[in-house]
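Grab your viewer and try each one before reading the solution.

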Amino acid sequence: MSTIVPDKKNAVGAATGARNLAIYLAACLFVGFGLFPLYMMITTSLKTDQQTFAWPPVWLFTPRFQSYYNALFVFGGRSADHYLFNSLVVTLSSSALAVFLGAMAAYGLARFRFRGNRDVAFYILSTRFAPPVGFIVPIYLMVQRSGLLDTQIALIVVYTSMNLSFVTWILRGFFLEIPIEIEEAALVDGYTRWQIFLRVALPLVRPGLAATAILSAIFSWNEFLFASILAPGDAATIPVYLAGFSASMNIDWGEYMAVGTMAVLPIMIFTLALQRHLVRGLTFGAVR
Amino acid sequence: MAASKRADRRTALLLIAPAMLVLVAINIYPFIYALYISLHTFTLGRPTPPRYIGWSNYRDLLDDDRFINSLWVSFKFVAIAAAVEFLVGFALAFLFSAKLRGMATLRKLAILPIMVMPLASGLIWFYIFNENFGAMNWFAFLLGAPHRIPFLTDGKLAILSLVLADAWQWTPFVMLVMFAALQAIPEYVYEAAKMDGLTPWQTFWRVTLPLLRSAIWVVLVLRVVDAFRMIELIYLMTRGGPGGATETLSWYIYSTGFLDQDLGSAAAEAVVMIIAVSIIAQIFVRRLNYGAAT
Amino acid sequence: MAGIYFRDIYKSFGTSRLFEGLSLACPDRKYLCLLGPSGCGKTTLMRIVAGLTEPDSGEVLIGDKRVNGLPPASRNIGLAFQNYALYPHLSVAGNLAFPLRAPIRRGRYRQAEIEERVKRVAALLRIDQLLHRRVNQLSGGQQQRVALGRALIHDPGVLLLDEPVTHLDARLRYEMRAEIKLLHDRIGTTTIHVTHDQQEALAMGDLIAVMRNGRIEQLGAPLELYHEPATAFVAGFIGDPPMSLVHARLAQENGNTIVQVAGSSLSLSEALAAQANMAPSREIIVGLRPKQVALVERPEAGAVATTVYSHGRVGREQQLVLTFGRDEVHCRTSSAIHVTTGDKVWLSISLDGAKLFDAASGRALAHT
């Protein structure tokens, strides 16, 4: 049971060696399981059709980039880059909005006493649990009425609201960690509350802003349900475009996986950048 | 810091109002709107205006076998997926806590699936589970399976295949959070336990587990709620099939509303779902009092 | 430059009342120490001057200007916080210039003047070598100087210091005390200095206000507080060691007023007897300086039996704390005398120079 208590340094020698080997094996097995599907995606995007459908599966082959070329340049009508760009616009706008509005709300909740403060805070947190599919019908009708179907604006507003709950909660925690005296000092030094928010508080929670911005970006980038209903056509984001492949009878797996790879890899890079605050973000500050 | 209370209250209002406005528009108003729609017949794309029919959409749900089935399927999926992800993830958190060289790198690699676009992970697993050329069947063949296994077209297997794909993405999440929670326990706690003569097993039950309580709680609720709302894997891998075996409540609402275009019924189902999730969320908010400091 | 005046201040926090009609004056150019144990309201009082806390009622004046309701920035004050509260995202120079760049002073200082002032204040506080450092790279003492500089840079009419040297180690603390005092002598800004350390207050204040439970126990010059404590609380708070406070009873013996302490009878000098006759009741508290008590080897007249509670050597002397009844007495003896905790020893008490207080109110029995 030596792994029950982390970092327990027990008996030296052969027993430890065997134990460490077992730990390495188990860890590598799990990592392998985690990476295998990604490996499949990337390799399939580099295979020919023949290699894709081969039985037994082909493990060693010469990669070719034809699928990427097809996805980006040759495909009839819109190509993947159009939808990647849509995704980028929606992601950046909604993340920026969510972080700014969320930071304002978080600061208001962290620094001002007023009746109902806790209720507002908990309400905002509880929207994290709202099932998107439960809201899709009314939101679809609202968007349709306002003539915003298949526009990026509709997605930006919906994603902003989706991201607000955790942005607000995480940043509220960050603001609470600023010693109140620093802000009082600025008050004495001649700054208004709004200026203190902009010039003292915000710079001090920069790591929190970065973490929430990246998390918002990931959620917006990955969101599928609202995108598929609210922006099915020209304004579609990359997951909607990706889903379109599966509807056709003869799936071009190479191209499919090439688009998938392009949709997934940027986020992987983000993930590595964000390690430090990832947990805090994913659990809205409950675990650090 | 209370210079002038009225000015403070105004500043607070101005700070919070924009966010609240967005939430009212995209959260509160739609819920009320859903209630309204659920009391009407409402078919997408038909020119006839919605007609008020009272509670019949809800009454119909009680007689709707597909709805009852979807509740059962949702329950099965959530229970199995959350249990597997939690238990395996928790165990792995201990495994990855081992202070060995290279462990940090392995950990970073292990959490990569969390960030994969759920739709893309559906795509990949759809490919891997393919009956004719998928890697899963190749492994099954290597392990001595006599024939191709219909991972996605057999009723019993399909839901387990979904669980596997879901667990692939979210077990690392459980691992990551529980790992962080474990790291947050200071070393001296274990030293004290050792001084008090506790066995490792006792230390786990009496010291580690109680200290992890709030983390466990957060992870469980997040996994339950998110598994409940999951739709992307179903969209790509099974579309609710075969024969409704993977038709969860989420998928049922989606297909009632946007495949059958019956918005009135879909809204009624949505209201039921929102209330169910709200109850879970409320328990969570009540139990977890970490926001006490305002 | 301006004096600071509190008039009939009331302040409650929730249901607990802190100030009930507090009044206090700090004349122009004086250095006032607010001294008291934690929770006595000294920091709250300072925050009321700063405008960070508003009183429920009562007036606060800076100079002849009523400042109630004015935002902190409009009160022309400088405030150095206990934990320094420097802006961690700015350099030393950025911190010093921050008040000058405030919107409320927009247009008052040109860039060149800001730079010049920063240089001047940095030179004054000897941090001119550090201007480009990040504040989290500074030592505690250096951070303290930056905080002081930031409070002084716009030439405030009033300087507020909240426990300014508490977080420094002992040597630096003495050094900074002297420097702050020197600075005050040089610039003469009216200063309120909040501290819980009576030595610090005695060393630095022109005036000291001893506070307890939201009330001013005594306002006076350091020596006045030391020699003529107005209440038993002040007597027991000031001095190192402070006066020992011993509960006693007044009685008459042969027409003379005497004091009964723990079964012994002590006679009073004429002056003290006159004071004792002013006592509203028989129950009094006697304040004794260490030099008024001495260990004796055997019971004698005027000696009381005590128990050693603690003992510690300080050079050639040792300090003893002795208990009898519910009282503690501080006593100094030669290190040569060997005692251990729990020993019974005899203590002779001389009432010459003792202070008498009414036991119920704690007030000093007045001279007539």
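**Exercise 1: a helix over a sheet**

This is a predicted model. Work out which strands of chain C helix H1 (residues 42-50) lies across, and find its angle to strand E7 (158-162).

Solution. Helix H1 of chain C lies across E3, E6, E7, E8 and strand E9 (207-212) of that chain. Next, take the angle: H1 runs at about 150° to E7(C).

**Exercise 2: the sheet itself**

Find the strand order in the open sheet of chain C, then say why one side of E6 and of E10 is left without a neighbour.

Solution. Start with the order: the 6 strands run E6-E7-E8-E3-E9-E10, with mixed pairing. Strand E6 (77-80) and strand E10 (215-220) of chain C are at the edges and have a single partner strand each, so one side of each has no neighbour in the sheet. From one strand to the next, the twist averages 15°.

Now zoom in on one pair. E3 (residues 31-35) and E8 (residues 190-195) of chain C pair in the parallel sense, over 5 bridges. Cys33(C) sits opposite His193(C) in E8(C).

**Exercise 3: two helices in chain B**

Describe how helix H3 (residues 65-96) and helix H7 (residues 155-183) of chain B cross.

Solution. For packed helices, you want the angle between the axes and the distance between them. Here the axes of H3(B) and H7(B) come within 6 Å and cross at roughly 40°. H3(B) and H7(B) are therefore oblique to each other. As for handedness, their crossing is right-handed. Last, sort the residues of the H3(B)-H7(B) contact: 20 nonpolar, 2 polar and 3 charged.

Terms used
Residues are numbered from 1 along each chain as its sequence is written. Chains are lettered from A and ligands numbered from 1 in the order in which they are written. This is a predicted model: local features need pLDDT of at least 70, side-chain atom pairs count only at pLDDT 80 or more; totals for chains, interfaces and linings use all residues. Two strands pair if DSSP finds at least two bridges between them. Helices (H or I, at least four residues) and strands (E, at least two) are DSSP runs, numbered from the N terminus. Axes are lines fitted to C-alpha atoms, for helices over the stretch in contact, and angles run from 0 to 180 degrees between N-to-C directions. Two residues are in contact if their C-beta atoms, placed from the backbone, lie within 7 Å. Angles under 35 degrees count as roughly parallel, over 145 as roughly antiparallel, 65 to 115 as roughly perpendicular and the rest as oblique. A crossing is left-handed if the near helix is turned anticlockwise from the far one by less than a right angle, and right-handed if clockwise. Ala, Val, Leu, Ile, Met, Phe, Trp, Tyr, Cys and Pro count as nonpolar, Asp, Glu, Lys and Arg as charged, and the others, Gly among them, as polar.
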